[in-house]
Amino acid sequence: MSAVRCVDLCKTYRQGDQDIKALDHVNLEITSGDFVCLSAPSGGGKTTLLNAIGGLDTPDSGEVYVAGQRIDNLSKSDLADLRLRKIGFVFQAYNLIPVLTARENIEFVMQVQGVPASERREKSLAILHEVGLETLEDRRPAKMSGGQQQRVAVARAIVSRPELVLADEPTANLDSKTAGELMELFTALNERHNSTFIIATHDQHIMTYAKRLIRMLDGRIVEDIDQRAA
Amino acid sequence: MHIVLRLAWRNLWRQPRRTWLTTGAMVFCNILLVFMMSMQFGMYGMMIDNTLQIFTGHLQVQAPGYKDEQKMRQVVPNILPLANTIRAELQSKAVAARGRTFVLASSEERSYGVMVYGVEPEFEQNVSNIPGLVRDGRYLRDHDAAEIVIGSILARNLRVDIGDEMTLLGGGADGSFAAAVVDVVGIFTSGVTAIDRNIAEIPLGLFQETFSMRGAGHQIVVVGEDLDEVPLLQMRVQSVLPAGSELQVLDWDTLQPGLRQVIQADMSSSFFMYFVLVVLVSFSVLNTQLMSVLERTREFGIVMALGLKPGKLGGLIMLETALMGMMGVVLGAFAGALFTSWFTTNGLAIPGMEEMAAQFNLPAKMYPRVNLLTLLAGPGIVFVFTMLAAIYPALRLRWQNPVEAMRVA
Amino acid sequence: MRLFGVLFRLAWRNLWRNHRRTTIMLCAIAVGVWAMIFMTALTRGMVDQMIIEGIRTLPGHVQIHNPKFLDDPSISNPVSISAQQSFDDPEIVAWSSRVKVPAVISSERESRGITLLGIDPVAERHISFIKYDEVDGRFLVDSDDKGIVIGAKLANILETEIGKRVVIMSQDPDNDIADRGFRVVGLYTASTGAVEEAYAFVGRATVQKMLRIGNQTTEVVFVGDDYRDVEALYEVILDAVDDSVSVQRWYETNTYLGSMLNVMDGFVVVWIIVIFLALSFGLVNTLMMAVFERVREIGLMLALGMKPGSILGQILIESMLLLLIGLVAGNMLAWATVMSLQGGIDVSVVAEGLEMFGAASVLYPKLNVDDMILASKVVLVLGFLASLSPAWRASRYKPVEALAKVG
Ligand SMILES: Nc1ncnc2c1ncn2[C@@H]1O[C@H](COP(=O)(O)OP(=O)(O)OP(=O)(O)O)[C@@H](O)[C@H]1O
Ligand SMILES: [Mg+2]
C-alpha cells in the first residue's frame with residue numbers, strides 16, 4: 001500500500017522577473033513503512049515537497065495522496081485535521097513550544113486531538129523513555145540542548161502513531177555525533193512502529209541511514225535508489 | 001541630520017505599529033487634556049462673568065459686617081456723594097450706589113417676600129445686566145418715581161403685569177414700619193430662577209425715603225475693565241473713602257467666596273482626572289520603551305562589547321522617547337486645537353445639563369476657550385511624564401554587562 | 001472543553017513569559033480601574049448626600065399638591081385632602097401633610113423672607129432633616145405648638161435668640177395679610193447656611209389658625225425606602241388619591257436634583273469609557289508585541305494541526321486573563337481606598353463653593369456594587385473587542401511563512 005503518492009506536482013515561485021521552479025513535474029510513490037531520505041543541494045526543492053506532502057502548502061498543479069486520500073484539494077480546516085491526526089512533523093529548529101515542558105510538548109498534539117489525560121500521560125511517559133529523556137520530563141525547551149530538543153520533537157511527532165513522519169533537516173543544527181544518534185532513533189522508531197518516515201537532508205552521512213534515497217535537483221527527481229539491496 | 005538623531009529616528013520605526021500605538025495613546029490623552037482644559041477655563045470665565053455681572057460687580061463699598069449679616073442699619077452714609085467721588089476718581093460710569101432690603105410685596109391677589117434693591121437708574125445698567133434683561137415694559141428712569149421692576153417668576157406668582165400696582169411692606173433703617181405703593185413698569189427675565197423669583201428694583205431715592213435711610217445706602221458697586229484690574233481699582237477706591245470711615249472695599253472674591261471655591265473644587269477633581277490619564281499614558285510608554293530595550297539586548301550587547309558606554313545607549317533610549325514624545329505633543333496639541341476649536345464656534349450642549357448649568361449662572365451651551373496655556377499645558381505634562389517613564393528602561397542598560405547581554409537569544 | 005484547557009494553560013504561561021511587560025500592563029489596568037471606581041464612588045457619595053439632604057429639606061420622595069400650586073405657590077391653592085386622611089401601605093415609610101407658605105419674619109431689628117413650614121412634628125420626625133434632639137432649645141412638640149424653630153444663621157441675622165419673639169407675616173386665602181407673633185423655642189443647624197436662612201418651622205394647627213384655612217394644607221409628602229426607587233411608592237399614591245390633586249416624584253419637584261442624578265450617571269459612563277480608551281492603546285500594544293514575538297510558535301502550532309480559531313482563542317484568553325487580574329486588583333484597591341476614607345473627606349476649604357452645588361463640606365465616597373460591575377463589564381467587553389484585532393492577526397498567519405520567520 002502506498003503511504004504517499006505524488007502525481008505531476010508543480011510549484012513555481014516568482015522572484016523578481018524570474019520564475020523559479022521549486023517543484024517541476026514530480027512523480028513519486030512511497031510505500032507504507034518505508035524510510036526515505038530526500039536529498040538535494042540547498043534550494044533543490046526539499047522543503048517545498050515536504051510542505052506539499054504534509055499539507056502545509058498547496059502545489060500549483062498535480063495531485064498529492066496521503067494514505068490513499070487526496071489532500072491537495074482539501075480545505076484549510078481539513079488540512080489542519082489531517083496534520084493533526086495522520087502526520088508527525090520534525091523541523092530544523094524551534095520545534096517546541098517554549099512555555100511547555102518536554103512532556104507537555106509531547107502531549108500537546110494528543111491534547112488538541114482530545115485524548116484523555118491518563119492515556120496521554122501513559123503514552124508520553126513511554127515515548128520519553130523510548131527516546132531516552134525520561135529524566136527531562138518537566139524541563140522547558142530553553143533548558144535543553146539542541147539534541148535533546150530534537151529528540152523531544154521526534155517523540156512528539158511519533159507519539160500519536162501518525163502514518164507519516166516528515167522531518168525537514170532535523171539534524172542541521174546538531175554536531176555529527178548527535179545527528180547520528182538522532183538518525184539511530186529514527187531508524188529504531190521506524191522499525192518498531194512501522195510508520196513511514198521521509199527525512200529531508202543534504203548531509204551525506206545521514207543519507208546512509210535510509211532504506212530509499214531520492215535525489216532532487218532544481219525541483220526534479222534525478223535519482224531514486226533502493227539502498228536495502230546494498 | 002546628526003547621526004545619533006538619525007539612529008534614534010530609525011529605531012523608532014523598526015516597529016511602526018508599536019510606535020504609532022504609543023504615540024496614539026499620547027495624542028488621545030493630549031486631545032482630551034486640551035479640550036477639557038479649554039472647556040474648564042471657558043466655563044470658569046463664563047461663571048465668573050455671569051455671576052458678577054448680575055449684581056456683585058468687581059468691587060463693593062460696604063459697611064463692616066454687612067457682607068455676612070446684611071442688616072438694614074449697616075449702611076454706607078451719604079452714599080450718593082461718595083458714589084460721585086468714586087466716579088470722579090475712576091473716571092468711570094461703572095459705579096452705582098444701592099440700597100437693599102427685604103420686604104413683603106403684595107399685589108391685589110398675592111403676597112410674597114422679596115429682596116428689593118434701591119438703584120440709581122442712570123448708572124445701574126453699567127454695573128449689572130438686569131436693566132438689559134427687561135423684556136416687558138421698561139427699566140427705571142427717575143430717581144424718585146414710585147416705580148418697580150420685578151423678575152418674571154415673581155410677576156407670575158404675584159399675578160401682576162405692567163401698569164399694575166404693588167405694595168411693599170418692610171422695616172426702616174430706624175426700626176420703623178415702612179410701606180410704599182409702586183407701579184410695575186418692567187419685568188426682567190435672567191433665566192436664573194432664584195433671581196427671577198425673588199428680586200425687585202426701585203429707584204434709590206424712593207428706597208431711601210421709604211426705608212428712612214437718611215441719605216444712606218448699603219453698597220456702592222464698581223465694575224472695572226477686567227478682573228486683573230481689580231486690585232488696582234480697589235486701592236484707588238480705598239483712597240477716596242472719607243477719612244476715619246470704617247467702610248470696606250471688598251473685591252469680588254471676598255463677596256462671592258463660593259465662586260472661587262466652586263472653581264477650586266472643580267479644578268481639584270479635574271486635576272485628579274488629568275493625573276490618572278497621564279499616568280496611564282506613562283505606563284504605555286514605559287512598557288514600549290522597556291520592550292524596545294529588551295528586544296535589542298543582543299544588539300546592545302554587541303555595541304557594548306565594541307566599547308560603547310551604557311550611558312550613551314541610555315541617552316539613545318531617552319532620545320528615542322523624546323522624539324516619540326514630541327510627535328505626541330505636536331500631533332496632540334494640533335488635533336486638540338482642531339477638535340476644540342470646532343466647539344469654540346459651535347458650542348457644546350450637554351443634554352440634561354441645563355438645570356445644573358443654571359445653578360452656576362451658566363448658559364446651556366458652553367464654549368471652550370483655547371489659549372496657549374490650555375493648548376500646551378496638557379501636552380507638556382504628558383511629555384514630562386513620558387520622559388520620566390523612559391528612565392527605568394534607559395537605566396536598565398547600565399546594569400547589563402556585554403557578555404550577559406549577548407547570551408540572551 | 002479539553003481544548004480550552006490547553007489554550008488556557010498556554011495563555012496563562014505566555015502571560016508570564018514576559019513578566020515585566022505583564023506587570024506594567026497590570027499596574028496600568030489596576031490604576032485605571034481604581035480611578036474609574038474611586039472617582040465614581042466620590043461622585044456618587046456627593047450626589048447621594050446632596051439628594052438625600054435635598055429630599056429631606058424639601059420634597060420627600062413623593063408629594064401631593066393642588067395642581068395649581070405648582071405655578072402659583074399660594075395658600076389659595078390648598079390640597080383638598082384633609083390632614084386626617086390616613087395612608088396605609090407597606091411602600092410608605094412615613095408621610096406628613098404640611099402647610100408650606102412664603103412668609104416674612106421680623107425681629108425688632110430685621111426682616112427676612114422665609115419659607116414657613118407648618119408641620120406636625122410627630123409625623124415629620126422621620127421625614128425632616130432636623131434631628132429633634134440636636135436642636136438648640138427644643139423642637140416643636142405637637143401640631144398646636146405656639147413656638148417657632150428657626151435656623152441658627154437666621155437667628156443671627158435677625159439678632160434674635162431663644163425666648164424672644166418674632167413676627168411672621170403671610171397671606172391668607174383672601175389676600176389679607178395675616179400676622180402673628182411667635183416665641184423662638186429652638187434653633188436648628190443644617191449642613192448649609194442657605195438652608196438655615198430659608199426654613200422656619202411652626203405647628204401646623206397654629207399656622208392653620210393664623211391663616212384661617214381650617215384643616216387645609218398645601219402639600220402632603222411621602223417617604224419610601226429608597227429615593228432611587230420611588231416608582232412603586234408613586235403608583236401606590238396615585239391609586240390612593242383622585243384627579244383633583246397632582247402627584248409628583250422628587251425629581252419632578254426639584255428638577256435640579258433630578259438632573260444632577262442624570263448628569264452624574266452620564267459622567268460616570270463617560271469617565272469609565274475615557275479611562276478605558278487610554279488603557280486600550282497599551283492593551284493592544286502589549287498583545288501585538290506578544291503576537292509578534294511568537295510568530296514562529298504560532299506557525300508551529302498551526303503546522304501541528306491546531307486550528308486558526310484556537311490561536312485566536314488563545315490570544316483572547318490571554319487578554320481576558322490580563323484584564324481580569326487587573327480588574328480584581330483595581331477593584332480591591334478602590335475598595336480599600338474607600339474603606340480607608342469611611343470617616344469622610346474633609347473638603348471644608350471649599351465649603352462655600354460646594355454649597356453652591358448644594359453639597360456639604362464632608363464628602364463620603366460611596367462604593368456602589370453596580371458601578372463596580374459596570375466598570376468591570378465595560379473593561380471586559382471593550383477589552384475583548386480591542387483584543388480582537390491582534391488575535392485575528394495571529395490566527396491569520398500561514399504556517400509555512402510563520403515558521404520561516406527568523407525569530
Ligand atoms: N516563499 C518563497 N518565495 C520565493 N521563492 C521560494 C520560496 N520558497 C522557496 N523558494 C524557492 O524555491 C526553491 C526551492 O526551495 P526549497 O525551500 O524547497 O529548497 P530546499 O531544498 O528546502 O533548500 P534548503 O536545503 O536550503 O532548505 C528555491 O530556489 C527557493 O529560492
Ligand atoms: Mg529547506
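Which residues in α4(A) meet which residues in α5(A)? From α4(A) come A:K123, A:S124 and A:I127. From α5(A) come A:A155, A:I158 and A:V159. By class, this contact has 4 nonpolar residues, 1 polar residue and 1 charged residue. The model is predicted.

Now look at the two helices themselves. In chain A, helix α4 covers residues 117–130, and helix α5 covers residues 146–159. Their axes come within 10 Å and cross at roughly 135°. As for its hand, α4(A) passes α5(A) in a right-handed crossing.

Move on to chain B. The domain assignment gives domain 1 and domain 2. Domain 1 is written in two stretches, 2–51 and 259–406. Domain 2 runs 59–254. How far apart do the C-alpha centres of these domains of chain B lie? The separation between the centres is 50 Å.

One residue of chain B deserves a stop. B:F334 sits in helix α13 of chain B, which spans residues 310–346. Is B:F334 buried or exposed? Its relative accessibility is 57%. Exposed means over 50%, so B:F334 counts as exposed.

Finally, trace B:F334 back along the chain to B:V27. The two are 307 residues apart in that direction.

Terms used
Residues are numbered from 1 along each chain as its sequence is written. Chains are lettered from A and ligands numbered from 1 in the order in which they are written. This is a predicted model: local features need pLDDT of at least 70, side-chain atom pairs count only at pLDDT 80 or more; totals for chains, interfaces and linings use all residues. Side-chain values use heavy atoms; hydrogens and water are left out. Axes are lines fitted to C-alpha atoms, for helices over the stretch in contact, and angles run from 0 to 180 degrees between N-to-C directions. Helices (H or I, at least four residues) and strands (E, at least two) are DSSP runs, numbered from the N terminus. A crossing is left-handed if the near helix is turned anticlockwise from the far one by less than a right angle, and right-handed if clockwise. Contact means heavy atoms within 4.5 Å. Ala, Val, Leu, Ile, Met, Phe, Trp, Tyr, Cys and Pro count as nonpolar, Asp, Glu, Lys and Arg as charged, and the others, Gly among them, as polar. Domain bounds come from an automatic or database domain assignment. Buried means under 20% relative accessible area, exposed over 50%, partly exposed in between (1.4 Å probe, protein chains only).
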